[in-house]
Amino acid sequence: MSIHADDEFSLRIALDSELGDVWPGEDLADLVIERHRRTRRRRVAGAVSLVVLCAGIGVPLGLSGPGSKPSQHDPGQRPDRHTGSVVLMPPVRAGAGLVIGRPAPVLTAVAA
Amino acid sequence: MRGIRGARASRDAEFTEFVQAASPSLLRAALVLLDSREDAEDAVQVTLLRTYRRWEQAKQAPQAYARAVLVNACRERWRHRRRHPEISQDLDELANVVSFAEAVDRRHVLVRVLRQLPGIQREVLVCRYLLDATVAETAAALDIAEGTVKSAASRGLDQLRQLLYDEEKRDRRVHPR
């Protein structure tokens, strides 16, 4: 073979002539696009089925879905940090809850 | 909906145009970098698939993007072969059976000699002389310094010249004129 490997130009020509009959398939682009779409469809289907599976397991366990309870009010939380709705109660004096109501004393007028 | 379809059609048209222009040189480069036509075709398909997936980013300079992806795809294949020598053995046996492919391959003296070069030299020569990349583009594609590209190209050409000389000498011994 009469090529001079130190000559860039002749190396390029030699490679072109040697590999000149190497051609890819005509529908290579369509093949690649189709392969990409097929892979993407499969991924989307996988993701959807994963979501359905997680929801299917989670709902009976009460982790999510309509059966789950709303979050409870935390009594230890500072009122200014609270984000949920709270019915504000008037402050109660200490010990007020222990007072047992007594009947009001009946005042009788004593005739002088 | 029509807008999405229109955008997809224009993206597909751009990509198809790029594939028609670039795929012959990509396949030839893969053929030199890898040992078989099947592997080369697979590597080109993987390259184009990755390029299409990132087309919005790749379309600024699709040739450079595909070049870098091709080199990586070929390196992945080498590593895979090294980890699974049994596959290489199977393919070698297959190559013995497929004598026609071998016969066709025998014509490619230069390709065969290029395949004997060490990895980095082969990659540099392929990028420079088959994919028509500049020194800077080759350095970017192979993720090496420009100085390394120049030295690898110089050493690769020296070794290629020596290997071709040896090949010619062997050829004369087998077929004396």
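1. A quick word on terms before anything else: helices here are DSSP runs of H or I with at least four residues, strands are runs of E with at least two, and both are numbered from the N terminus. Counted that way, chain B comes to 10 helices and zero strands. Keep in mind that this is a predicted model.

2. Reading chain B from the N terminus on, you get α-α-α-α-α-α-α-α-α-α. Buried residues account for 34% of its 177 residues. If you look at contacts in chain B between residues at least 6 apart in sequence, 63% of them join residues at least 24 apart.

3. Now the packing of α4(B) and α9(B). Helix α4 of chain B covers residues 62-83 and helix α9 of chain B covers residues 135-142; their axes come within 8 Å and cross at roughly 45°. That angle is why α4(B) counts as oblique to α9(B). The crossing is right-handed.

4. Which residues in α4(B) meet α9(B)? They are B:A64, B:R67, B:A68 and B:V71, and on the α9(B) side the partners are B:E137, B:A140, B:A141 and B:L142.

5. On to the interface: 27 residues of chain B are in contact with 20 residues of chain A. On the chain B side, the elements giving two or more residues are α1 (2-33), α2 (37-53), α7 (109-115), α8 (119-130) and α10 (146-174). α1(B) gives the most, with 10 residues. As for class, the side of chain B that touches chain A has 17 nonpolar, five polar and five charged residues.

Note on methods
Residues are numbered from 1 along each chain as its sequence is written. Chains are lettered from A and ligands numbered from 1 in the order in which they are written. This is a predicted model: local features need pLDDT of at least 70, side-chain atom pairs count only at pLDDT 80 or more; totals for chains, interfaces and linings use all residues. Two residues are in contact if their C-beta atoms, placed from the backbone, lie within 7 Å. Ala, Val, Leu, Ile, Met, Phe, Trp, Tyr, Cys and Pro count as nonpolar, Asp, Glu, Lys and Arg as charged, and the others, Gly among them, as polar. Axes are lines fitted to C-alpha atoms, for helices over the stretch in contact, and angles run from 0 to 180 degrees between N-to-C directions. Angles under 35 degrees count as roughly parallel, over 145 as roughly antiparallel, 65 to 115 as roughly perpendicular and the rest as oblique. A crossing is left-handed if the near helix is turned anticlockwise from the far one by less than a right angle, and right-handed if clockwise. A residue is buried if 20 or more other C-beta atoms lie within 10 Å of its own, exposed if 12 or fewer, and partly exposed in between; C-beta atoms are placed from the backbone.
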